[in-house]
Amino acid sequence: MAPHNAASSPAGMLQPHRSLRLGAALIAAAMAGWLGSSSLASRQAAVTSGSVTDPQETELLSRFERGELSEQEHRRLLERLLARERFDSAQQVLQPLLERHPERLHLILLRADLLRLSGSPGQARHHLDQLLSRYPNHPDALRLRVLVDLQRGHRSEATLFIRERFQALPPGERTEVGLLLADLKRQHASSEEAAALYRQLAAEAARDARPVLALAMLRGEQGRVKEMQVLLQEARQRRGLEALEDPLIDAVGARWGVQAQRHPPAATQSRL
């Protein structure tokens, strides 16, 4: 997803959504669906949250109000506020960072997500539309735009928006958008339409494991475990040597009591 970012983020700064192939922390979100892993602020909050008073947070807030924080301390305070789901305070702390780094896309996305979570989806939509006018196929901006529309009850509008983006992109370059469209279909009780789209995406990008893995999760939800086993095998083959120890594939299989083979025979064929 990096090609969409105009500026790199500083070390330690919150990052936008990373691909499904990275990190055990994303496994639960990935299994909840493509949309379920899209919220930047809520994903950070899911890592560590609690209601106990944090003395370091209190101290950092006091120093923030006096303008005494270094860049690193500023980032640390923002992460703590997100972890404790203090989204209104997080917006206040984020604002100076945005003023100093107005072109950093992950900060712009985080602001939109905080507005959404704080009950201002209209403002969130405004900032996202501005961002998408410059980067029309940025995957995180698209996902967040869909979440905002869903929050406002505009499911049909969200689906039409993503479908138009998907149709405008050439095969092989629209996997991100296609996965998002398929997830919308799944949430709208159109599982077989989603499955057909996963198969289409898998055919268009023969080395990308994500459509195959998404279809495997769908088949697992439907109780079609044998099909899921074959699909997990195919996903592992597409990942190659890096998938011999793949926490996401293993976790998806384990959820339904399936253990995909880690050394598949060379002649195994996909049954997409």
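Pro139, Asp140, Ala141, Leu142, Arg143, Leu144, Arg145, Val146, Leu147, Val148 and Asp149 are the buried residues of α8, where buried means under 20% relative accessible area, exposed over 50% and partly exposed in between (1.4 Å probe, protein chains only). The structure is a predicted model, in which local features need pLDDT of at least 70 and side-chain atom pairs count only at pLDDT 80 or more, while totals for chains, interfaces and linings use all residues. Residues are numbered from 1 along each chain as its sequence is written, and side-chain values use heavy atoms, with hydrogens and water left out.

Helices (H or I, at least four residues) and strands (E, at least two) are DSSP runs, numbered from the N terminus. Helix α8 covers residues 139–151, and eleven of its 13 residues are buried. Those buried residues pack against α6, α7 (121–134), α9 (155–168) and α10 (175–187). The expected span of a helix is 1.5 Å times one less than its number of residues; for α8 this gives 18 Å, which agrees with the 18 Å between its end C-alpha atoms. After α8 comes Gly153, with a positive phi near 80 degrees.

The largest nonpolar core holds 64 residues, and Leu77, Leu78, Ile162 and Tyr198 have the most contacts inside it. Such a core is a set of buried Ala, Val, Leu, Ile, Met, Phe, Trp, Tyr and Cys residues joined through side-chain atoms within 4.5 Å. Helix α6 (residues 105–117) gives the most to this core, with eight residues.

Two residues can be compared by their contacts (heavy atoms within 4.5 Å). The table leaves out residues up to four places away in sequence.

| Residue | Residues touched (within 4.5 Å) |
|---|---|
| Tyr198 | Leu179, Ala182, Asp183, Arg186, Pro211, Ala214, Leu215, Leu218 |
| Arg174 | Phe166, Gln167, Leu169, Gln200, Leu201, Glu204 |

Arg174 lies in the loop between α9 and α10 and counts as buried because its relative accessibility is 10%. Its side chain makes a polar contact with the side chain of Glu204 at 2.6 Å. A polar contact is a pair of N or O atoms within 3.5 Å; within protein, one must be able to donate a hydrogen and the other to accept it, and residues adjacent in sequence count only if both atoms are side-chain atoms.

The predictor's confidence in each residue, pLDDT, runs from 0 to 100. The protein averages 78, and 73% of the residues score at least 70.
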